[in-house]
Amino acid sequence: MSLYDKNGKWAGYINKSGSRDLVPVSYNKNVTIVIKNQWFWGDLLWKTKKHSTNDYLNQTLMAKRYYTLGNGKRFYSIYSGDTWLGYVNSAYTK
C-alpha cells in the first residue's frame with residue numbers, strides 16, 4: 001500500500017499486513033462535550049474542521065458510532081438530532 005502523511009506528502013510503502021482497516025463500531029450513547037478549544041472533524045485525516053467544541057460545551061449529544069485509530073485513540077461520530085456534527089476525540093467527552 002502507498003502511504004501518505006496527514007499533509008498528503010507521500011511517505012512510502014507499507015505491507016497491508018502491517019496495517020488494519022478502520023472499522024466503525026455501533027455505539028448509540030449520549031455523551032457530553034467537556035473540553036474546550038478542540039475540534040469536531042469532517043474526516044479522520046484531520047483535513048476539515050467542522051465545529052469547535054466550544055460551541056457544544058456541556059451539551060449532551062449522540063455518539064452513534066466510534067472508530068479506534070491505530071494509536072488507540074477513539075473518535076465518536078457525533079449527532080445533534082439528525083444532524084451530523086463530525087468526529088470528536090472521545091477524551092473530550094464524558
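Author: Below we go through the terms one at a time, setting values against definitions. This is a predicted model, in which local features need pLDDT of at least 70 and side-chain atom pairs count only at pLDDT 80 or more, while totals for chains, interfaces and linings use all residues. Residues are numbered from 1 along each chain as its sequence is written, and side-chain values use heavy atoms, with hydrogens and water left out.

Reader: What makes a stretch of chain count as a helix or a strand, and how many of each does the protein have?

Author: Both are DSSP runs numbered from the N terminus: helices are H or I with at least four residues, and strands are E with at least two. By that rule the protein has 0 helices and 8 strands. Read from the N terminus, the order is β-β-β-β-β-β-β-β.

Reader: Why is threonine 53 called buried?

Author: Buried means under 20% relative accessible area, exposed means over 50%, and partly exposed lies in between (1.4 Å probe, protein chains only). Threonine 53 has a relative accessible area of 0%, so it is buried. This residue is found in the loop between β5 (49–52) and β6 (60–68). In the protein as a whole, 31% of the 94 residues count as buried.

Reader: Which residues is threonine 53 in contact with, leaving aside its neighbours within four places in sequence?

Author: Contact means heavy atoms within 4.5 Å. With those neighbours set aside, the contacts of threonine 53 include Ile33, Trp39, Phe40, Val88 and Tyr92.

Reader: Why is strand β7 described as largely enclosed?

Author: Count its buried residues: in β7 (residues 74–80) they number 5 of the 7, so the strand is largely enclosed by the rest of the structure.

Reader: How do you know that β6 and β7 pair?

Author: Two strands pair if DSSP finds at least two bridges between them. β6 and β7 have 6 bridges and run in the antiparallel sense. One example is methionine 62, whose bridge partner in β7 is tyrosine 79. The two strands form a hairpin with 5 residues between them, and glycine 72 in the turn has a positive phi of about 90 degrees.

Reader: What does β7 do with β8?

Author: β7 and β8 (residues 83–89) also pair in the antiparallel sense, over 6 bridges. Here tyrosine 79 has tryptophan 84 as its bridge partner in β8. This hairpin has 2 residues between its strands, and glycine 81 in the turn has a positive phi of about 65 degrees.

Reader: Are tyrosine 27 and tyrosine 66 buried or partly exposed?

Author: Tyrosine 27 has a relative accessible area of 23%, so it is partly exposed. Tyrosine 66, at 14% relative accessibility, counts as buried.

Reader: Why is the pair of phenylalanine 40 and tyrosine 56 called edge-to-face?

Author: Their ring centres are 5.4 Å apart and their planes stand at 70 degrees, so the pair is edge-to-face. Phenylalanine 40 counts as buried because its relative accessibility is 0%. Tyrosine 56 also counts as buried, at 15%.

Technical notes
Rings of Phe, Tyr and Trp (its six-membered ring) pair if their centres lie within 6.5 Å; planes under 30 degrees apart count as stacked, over 60 as edge-to-face and the rest as tilted.
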